[in-house]
Amino acid sequence: MTDRAPLNFGVFYAPFHPVGQDPALALEYDLERVEALDRFGFDEAWFGEHHSGGYEIIASPEIFIAAAAQRTKHLKLGTGVVSLPYHHPWLLADRLAMLDNLTRGRLIFGAGPGALPTDAHVLGIDPVDQRRMMEESLEAILALFRGEEPVSRRTDWFTMNEAHLQVRPYTWPHPEVAVAAMVSPSGPRLAGRYGTSLLSLSMSAASEGFAAIGKAWGVVEEQARQAGRPAPDRASWRVLGTAHLAETADQAIEDCTYGLPEFADYFGAGAGFVPLAQDTGSGPRTRREFVEAYADSGNVVIGTPDDAIAYIEGLLEQSGGFGTFLLLGHDWASPERTLNSYRLFAQHVLPHFKGRLSAPRAAHRWAVDKREQLFGRAGEAIVNAVTTHQRDTGAEGT
């Protein structure tokens with residue numbers, strides 16, 4: 001028995017599909033993975049919104065969730081995330097209310113400012129304005145969700161005149177709302193100020209800045225105090241991590257030679273972020289050497305379930321505690337080995353953090369300790385029954 005509350009688990013799909021795959025088949029593969037997560041006992045699945053770059057090919061998380069909801073029974077399904085500056089807040093709130101009804105309350109509304117600079121460029125949005133626009137949109141959406149009175153807002157990029165929702169969300173009073181945080185403090189600030197959940201999406205647990213998991217919740221609590229509201233429960237905090245599991249560490253390394261180099265190349269080029277594996281200057285590396293170097297970075301787990309347990313324990317200690325651990329969805333390994341990784345995670349990691357293993361182990365120890373006391377009496381009872389039967393019938397024992 002432990003005083004720590006059970007963790008929830010999910011997978012966050014941007015998704016990352018190398019160019020060259022048939023997009024229709026890649027999206028089908030994402031749906032198949034979500035079905036597997038539902039069977040394996042995961043709690044959540046999240047889906048991103050991206051419009052350029054060629055790798056992250058889900059353009060509408062709401063449409064994808066509507067499809068995924070038809071194939072699953074238990075998973076909560078999150079928008080991971082809707083880029084608020086790209087949408088009129090009234091129309092977005094209306095779509096979310098409809099989707100919450102279609103999923104019978106399994107929707108989580110994840111919101112962010114937009115991550116890909118190329119998306120903002122095409123839309124003519126200055127990246128400097130995106131976080132301000134996100135807050136303006138989030139405030140309007142929460143006003144629509146949390147009240148019954150018409151909402152009017154006027155900004156330099158949207159207008160709402162006496163807006164209201166013609167259909168209320170299925171969830172009362174509205175679906176859970178989570179704001180994304182990667183590097184800047186804007187996500188934790190909004191979570192504290194508006195009383196939402198926090199979605200920490202940094203690709204590196206060792207990242208610096210106010211969104212780093214060692215600091216983020218302090219920002220949430222500070223902003224909640226300044227807004228005169230109680231801080232959100234830490235159980236609403238979701239932290240992203242990256243892992244691929246196999247039966248042995250060597251097998252996990254070999255699995256990831258399938259697609260990790262291409263993923264790292266995209267993340268440091270097309271996505272516009274810092275490269276995930278720096279060139280050491282030692283000359284060309286084989287695919288396996290590349291994976292080995294990345295695994296040695298300490299930012300990810302490419303190994304066994306025991307390695308994943310130790311990694312998550314470290315995140316819990318570093319952060320002070322959170323409610324949900326999200327695996328980054330990726331194509332590092334083949335579809336077969338990726339599903340095997342999820343299966344190993346479900347078999348060994350989930351029950352460890354959900355407290356499902358202690359009771360069977362305790363029951364087994366108790367039974368073993370009682371063996372001499374109880375099984376001796378049980379054997380005596382069998383002998384007595386045989387003796388009584390022989391006496392009553394005259395039958396010979398064997």
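Is Leu374 buried, partly exposed or exposed? Leu374 is partly exposed, because its relative accessible area is 40%, where buried stands for under 20%, exposed for over 50% and partly exposed for the range in between (1.4 Å probe, protein chains only).

1. Basis of the note. The model is a predicted one, in which local features need pLDDT of at least 70 and side-chain atom pairs count only at pLDDT 80 or more, while totals for chains, interfaces and linings use all residues. Residues are numbered from 1 along each chain as its sequence is written, and side-chain values use heavy atoms, with hydrogens and water left out.

2. Overall form. The protein chain contains 14 helices and 13 strands; helices (H or I, at least four residues) and strands (E, at least two) are DSSP runs, numbered from the N terminus. Along the principal axes, its C-alpha atoms fill a box of roughly 100 × 65 × 40 Å. Buried residues make up 49% of the 398 in the protein chain.

3. Cavities. On a 1 Å grid over the protein atoms alone, a cavity is a set of points where a 1.4 Å probe fits but cannot get out; lining residues have an atom within 4 Å of a point.

4. Lining of the largest cavity. Strands β11 (243–245) and β13 (324–328) and helix α12 (335–354) each provide at least two lining residues, and α12 gives the most, with 4 residues. Among the lining residues are Ala243, His244, Leu328, Thr338 and Phe345. By class, the lining has 6 nonpolar, 4 polar and no charged residues; Ala, Val, Leu, Ile, Met, Phe, Trp, Tyr, Cys and Pro count as nonpolar, Asp, Glu, Lys and Arg as charged, and the others, Gly among them, as polar.

5. The search of the whole structure finds 21 salt bridges, each being a side-chain nitrogen of Lys or Arg within 4 Å of a carboxyl oxygen of Asp or Glu. In one of them, Glu44 pairs with Arg238 at 2.9 Å, N to O. This pair links distant parts of the chain, 194 residues apart, with Glu44 in strand β2 (residues 44–47) and Arg238 in strand β10 (residues 238–241). Both Glu44 and Arg238 are buried.

6. The closest N and O atoms of the salt bridge between Arg132 and Asp156 are 2.8 Å apart. Arg132 lies in helix α5 (residues 127–146) and Asp156 in the loop between β6 (151–154) and β7 (159–163), so the pair ties together parts that are 24 residues apart in sequence. Arg132 is partly exposed at 31% relative accessible area, whereas Asp156 is exposed at 62%. Glu247 and Arg337 also form a salt bridge (2.9 Å, N to O). Here the loop between β11 and α8 (249–256) holds Glu247 and helix α12 holds Arg337, so parts 90 residues apart in sequence are tied together. Glu247 is partly exposed at 46% relative accessible area, and Arg337 is partly exposed at 22%. Salt bridges with shared partners join Asp129, Arg132, Glu136 and Asp156 into one network.

7. Backbone points to check. Most residues other than glycine have a negative phi, and most peptide bonds are trans. Ala14 and Pro15 are joined by a cis peptide bond with omega about -10°, and Pro15 sits in the loop between β1 (8–13) and α1 (23–40). The bond from Trp172 to Pro173 is also cis, with omega near -5°; Pro173 is in the loop between β7 and β8 (176–181). Arg104, not a glycine, has a positive phi of about 55°, and Glu162, likewise not a glycine, has one of about 50°. Arg104 is in the loop between α3 (89–102) and β5 (107–112), while Glu162 is in strand β7. Arg104 counts as exposed at 56% relative accessibility, as does Glu162 at 59%.

Note on methods
On a 1 Å grid over the protein atoms alone, a cavity is a set of points where a 1.4 Å probe fits but cannot get out, and a pocket is an open set with protein on both sides within 12 Å along at least five of seven lines; lining residues have an atom within 4 Å of a point.
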